[in-house]
Amino acid sequence: MVFEDCALVVQGGGTRGIYAAGVLDALMDLGIDFPYIIGTSAGALSASNFISGDRGRTKYVMETSMVSLKFVSAARFAVKGTLFNFDYLINQVPVSVSPFNYQAFHDSHSRFLVATTSLETGKPVYFEKGKIDDFFNAIAASSSLPYIAKPVPVSGHLYMDGGPVAAIPFRKAIEDGYQKIIVIETRDKTYRKKPYSQAAIARAKRFYGEHKEFTESLIKGNDTYNADVEELEKLKEAGRVFVIQPENPVHVGRAERKKAKLEALYQQAFEQTMRMKDEILAYLGGEAK
């Protein structure tokens, strides 16, 4: 079922993204699809598997990659300044570890955008499937967390994690004209981020000081996130968006390696979404095309 004029927005959050994976697998089982999908960071990775129809792949890759030295390595961080090996995740895992249905992904008629932050301007930049040759680099850039990963080149410029400017990229979906929006958040409704401390500000300037605009966006990122969450609450109350999010605080880190904790959060999300089936369909409304 593809509902016209409906968008899907997927928040990141590192391995907390396994919550989004549970929601997306449930939506897949319910046969619900969207003409427009946008994600940030791990949300973009999860959404790519939703578009390709690879049910369960996000969960499997997340659980296996986080305990693989080929992907996560403190030694790599010490030598190369990046904890994660996105070349392995984006280019090798789909071939040698967990097959990715590239054909279905490219054939999908859904618009798919990923949110990044420009290292040059500090502003959000959205890349769309089919519009650039190195789209999977854009997914890697969207997932490149400050301090523990390096900027990724996309179409000749450097980008990083979309989190500081568009952790939950619903504003882009609204800007693009979508009237009904399903938003998958990976934090419960009470969660808010603390403002940057003086020590955190000093750290940001130490790491990225030569990129003044990016540094400013990074420092303001927590405030931007809180403002977005508040706006989403208002839109939800007005019936403008439909939010699926954890019912209780999430105790899974952004680089969680314990399989049992990941499994539990995935299952919670899957079961919750299945219980919400009627509400979701009622919100989407209209006839499925």
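At the start of helix α5, a side-chain oxygen of N85 comes to within 3.2 Å of the backbone nitrogen of D87. That is a polar contact, meaning a pair of N or O atoms within 3.5 Å; within protein, one must be able to donate a hydrogen and the other to accept it, and residues adjacent in sequence count only if both atoms are side-chain atoms. The helices here (H or I, at least four residues) and strands (E, at least two) are DSSP runs, numbered from the N terminus.

Before going further, a word on what you are looking at. This is a predicted model, in which local features need pLDDT of at least 70 and side-chain atom pairs count only at pLDDT 80 or more, while totals for chains, interfaces and linings use all residues. Residues are numbered from 1 along each chain as its sequence is written, and side-chain values use heavy atoms, with hydrogens and water left out.

Let us stay with α5 for a moment. Its residues F86, Y88, L89, I90, V93 and P94 are buried, where buried means under 20% relative accessible area, exposed over 50%, and partly exposed in between (1.4 Å probe, protein chains only). What covers these buried residues includes α2 (42–52), α3 (57–65), α6 and α7.

The structure holds 19 aromatic pairs. Rings of Phe, Tyr and Trp (its six-membered ring) pair if their centres lie within 6.5 Å; planes under 30 degrees apart count as stacked, over 60 as edge-to-face and the rest as tilted. F100 and F105 have ring centres 5.5 Å apart and planes at 55 degrees, so this pair is tilted. Both residues are tucked away: F100 is buried at 10% relative accessible area, and F105 is buried at 0%. F100 also pairs with F136, and because their planes stand at 90 degrees, with centres 6.0 Å apart, that pair is edge-to-face. This second pair links distant parts of the chain, since F100 lies in the loop between α5 (86–96) and α6 (102–107) and F136 in helix α7 (residues 135–142), 36 residues apart. Ring pairs link F100, Y102, F105, F112, F135 and F136 into a cluster.

A charge sits over a ring if NZ of Lys or CZ of Arg is within 6 Å of the ring centre and within 35 degrees of the ring normal. The charged end of K129 sits over the ring of F105, 5.6 Å from its centre. Elsewhere, K59 lies over the face of Y266, at 5.4 Å from the ring centre.

Now for the nonpolar interior. A nonpolar core is a set of buried Ala, Val, Leu, Ile, Met, Phe, Trp, Tyr and Cys residues joined through side-chain atoms within 4.5 Å. The largest one has 64 residues, of which L8, L27, F34, F112, I182, I280 and L284 touch the most other members. Helix α1 (residues 18–29) gives the most to this core, with eight residues. Which residues does L284 touch? Leaving out residues up to four places away in sequence, they are F3, C6, I32, F34, K180 and I182, with contact meaning heavy atoms within 4.5 Å.

Finally, we come to the charged pairs. A salt bridge is a side-chain nitrogen of Lys or Arg within 4 Å of a carboxyl oxygen of Asp or Glu, and the whole structure has 13 of them. In one, E128 and R111 meet at 2.9 Å, N to O. This pair also links distant parts of the chain, with E128 in strand β4 (residues 124–128) and R111 in strand β3 (residues 111–118), 17 residues apart. E128 is buried, at 12%, whereas R111 is partly exposed, at 30%. Another salt bridge joins D176 and K172 at 3.4 Å, N to O. Here D176 is partly exposed, at 25%, and K172 is buried, at 15%.

R275 forms a salt bridge with E247, the closest N and O atoms being 3.2 Å apart. R275 sits in helix α12 (residues 259–275) and E247 in the loop between β8 (241–244) and α12. R275 is exposed, with a relative accessible area of 54%. Salt bridges that share partners join R111, E128, K131, K172, E175 and D176 into one network.
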